Amino acid sequence: MKLGIVGLPNVGKSTLFNALTAAKAEAENYPFCTIEPNVGIVPVPDERLDLLARLINPEKITPATIEFYDIAGLVRGASKGEGLGNKFLSHIREVESLIHVVRCFEDDNITHVEGKIDPIHDIEIINLELMLSDLEIIDNRLQKVEKLAKGNKAYSKEFELLNRLKKAIEEGKPLRSLNLEYDEINIIKNYGLLSLKPVLYACNIGEEDLLDVGKNKYVDLVEEYAKKEESQVVVFSAKIEAEISQLSKEEKEIFLSELGLKESGLDRLVKASYDLLGLMSFLTAGPKEVRAWTIKKGTKAPQAAGKIHSDMEKGFIRAEVINYKDLLECGGMAKAKEKGLVRLEGKDYIIQDGDVVLFRFNV
Ligand code: GDP
């Protein structure tokens with residue numbers, strides 16, 4: 001699962017990316033790494049793992065992960081090949097969702113490429129480049145489909161859809177705001193349309209505003225904008241996150257509690273990204289490993305088992321399932337079974353967030 005970090009130059013993308021990848025230090029035992037200079041694999045914070053580990057004392061704890069791509073260099077004119085425009089747009093094509101970093105901090109020492117702090121204007125520049133790229137794709141496709149559409153049901157449906165998308169873009173609406181139906185998405189899913197990708201707006205505010213986000217006049221504007229296209233907003237300070245990412249887990253907790261915060265902005269951002277991708281975790285808990293496994297929301301038990309091993313999916317018999325809270329309350333699996341809290345679920349069971357699962361399967 002891949003997310004791209006986009007935004008105008010000098011808004012704090014690299015600072016955020018570095019903080020995200022430095023946070024790997026938290027999980028010293030695990031091979032989270034920056035695989036390429038601009039790609040980082042980041043653990044998804046999950047307090048449930050720590051709670052279960054306290055109960056079970058496993059040899060290791062393995063959180064779920066997501067991949068972040070730092071897609072720098074998106075500027076006005078990218079869709080016309082300005083800067084390294086096409087290259088960056090093709091990077092965006094490869095990710096599933098976008099984190100759009102928006103500059104909401106004032107600092108005269110940091111040049112703003114557009115000359116002034118105006119988050120909505122900034123957002124619109126990037127969105128416009130994505131939409132212009134989409135328009136080109138749509139126009140090309142329309143030319144092909146127009147002839148084929150005569151007398152052909154599938155093509156005429158596509159023709160109608162493409163015209164609708166074109167109209168939306170001409171009205172300045174990113175495709176993601178259209179709430180397309182599943183079968184409509186299916187028609188266009190291989191065209192690499194960029195403004196269709198879900199976006200999380202990340203407001204980078206000054207550290208002086210962190211304790212009273214309401215003071216920052218720009219955040220409200222971004223929230224209002226995001227609401228119109230049903231996108232989410234996360235507020236954070238890249239500079240503070242960069243500092244936090246250098247701290248040990250204990251130091252981080254002290255630092256945050258001194259600021260009166262429960263969670264770092266990064267933790268909130270990573271969790272929201274996970275959600276944006278339509279993902280959730282189920283858990284496995286044994287003496288060797290307590291682990292979170294990533295699945296799409298709505299995944300059934302056999303397919304979830306397949307995330308662990310394809311044999312488990314093929315030979316699936318049943319899943320033994322307990323909510324992690326019940327397991328914690330019982331103080332262990334034996335007691336939970338005694339109390340009848342471990343359920344036996346079959347192949348149609350949809351895995352729920354926070355399920356601790358043991359799969360039974362034939363080999
Ligand atoms: P990018 O071009 O979007 O990747 O931006 P960078 O992360 O390189 O940041 C550009 C400059 O802005 C750097 O000098 C950062 O130190 C600075 N910067 C980033 N975030 C903040 C912030 O929250 N407050 C202030 N004052 N400066 C920041």
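This is a predicted model: local features need pLDDT of at least 70, side-chain atom pairs count only at pLDDT 80 or more; totals for chains, interfaces and linings use all residues.
**Figure 1. The overall fold.** The protein contains 14 helices and 13 strands. Its radius of gyration is 23 Å, which is close to the 21 Å that the globule rule gives for 363 residues, so the protein is as compact as a globular protein of that length. Of the 363 residues, 36% count as buried. If one looks at the contacts in the protein with a separation of 6 or more, 69% of them are accounted for by residues 24 or more positions apart.

**Figure 2. The shell around the ligand.** There are 17 residues around the ligand, and among these Gly12, Lys13, Ser14, Thr15 and Asp107 come nearest. Helix 1 (13-22) and helix 8 (238-244) are the elements that give two or more residues to this shell, and helix 1 gives the most, with 3 residues.

Figure 3. An unreviewed UniProt entry lists Asn10, Val11, Gly12, Lys13, Ser14 and Thr15 under "binding site". Valine 11 lies in the loop between strand 1 (2-6) and helix 1, and glycine 12 is also found in the loop between strand 1 and helix 1. A residue is counted as buried if 20 or more other C-beta atoms lie within 10 Å of its own. Valine 11 has 28 C-beta neighbours inside 10 Å and therefore counts as buried, while glycine 12, with 26 other C-beta atoms within 10 Å, is buried as well. Leaving aside its neighbours within four places in sequence, valine 11 is in contact with Val101, Val102, Arg103 and Asn204. Glycine 12, when residues up to four places away in sequence are not counted, touches Val101, Arg103, Asn204 and Ala238.

Figure 4. Asparagine 10 has a positive phi of about 65° although it is not a glycine, and its place is in the loop between strand 1 and helix 1. With 14 C-beta neighbours inside 10 Å, asparagine 10 counts as partly exposed. Asparagine 57, which is likewise a residue other than glycine, has a positive phi near 55°, and it lies in the loop between helix 2 (47-56) and strand 4 (60-62). Asparagine 57 has 9 C-beta neighbours inside 10 Å and so counts as exposed.

**Figure 5. Helix 9 and the glycine that follows.** Helix 9, made up of residues 249-258, is hardly covered, for the count of buried residues among its 10 residues is 0. Helix 9 is followed by glycine 260, and the phi of this glycine is positive, near 75°.

Figure 6. Residues 278-361 are listed by UniProt, in an unreviewed entry, as "domain: TGS". The end C-alpha atoms of residues 278-361 lie 27 Å apart, and the span is 31% helix and 39% strand. Within strand 10 (residues 289-296) one finds lysine 296, which has 13 C-beta neighbours inside 10 Å and therefore counts as partly exposed. Although lysine 296 and glycine 278 are 18 residues apart along the chain, their C-alpha atoms are separated by 5.8 Å. When residues up to four places away in sequence are not counted, lysine 296 touches Gly278 and Leu279.

Terms used
Residues are numbered from 1 along each chain as its sequence is written. A residue is near a molecule or strand if its C-beta atom, placed from the backbone, lies within 6 Å of it. Helices (H or I, at least four residues) and strands (E, at least two) are DSSP runs, numbered from the N terminus. The radius of gyration is taken over C-alpha atoms; the globule rule is 2.2 Å times the number of residues to the power 0.38. A residue is buried if 20 or more other C-beta atoms lie within 10 Å of its own, exposed if 12 or fewer, and partly exposed in between; C-beta atoms are placed from the backbone. Two residues are in contact if their C-beta atoms, placed from the backbone, lie within 7 Å. UniProt positions are given in the numbering used here, feature names are shortened, and annotations may be inferred rather than shown by experiment.
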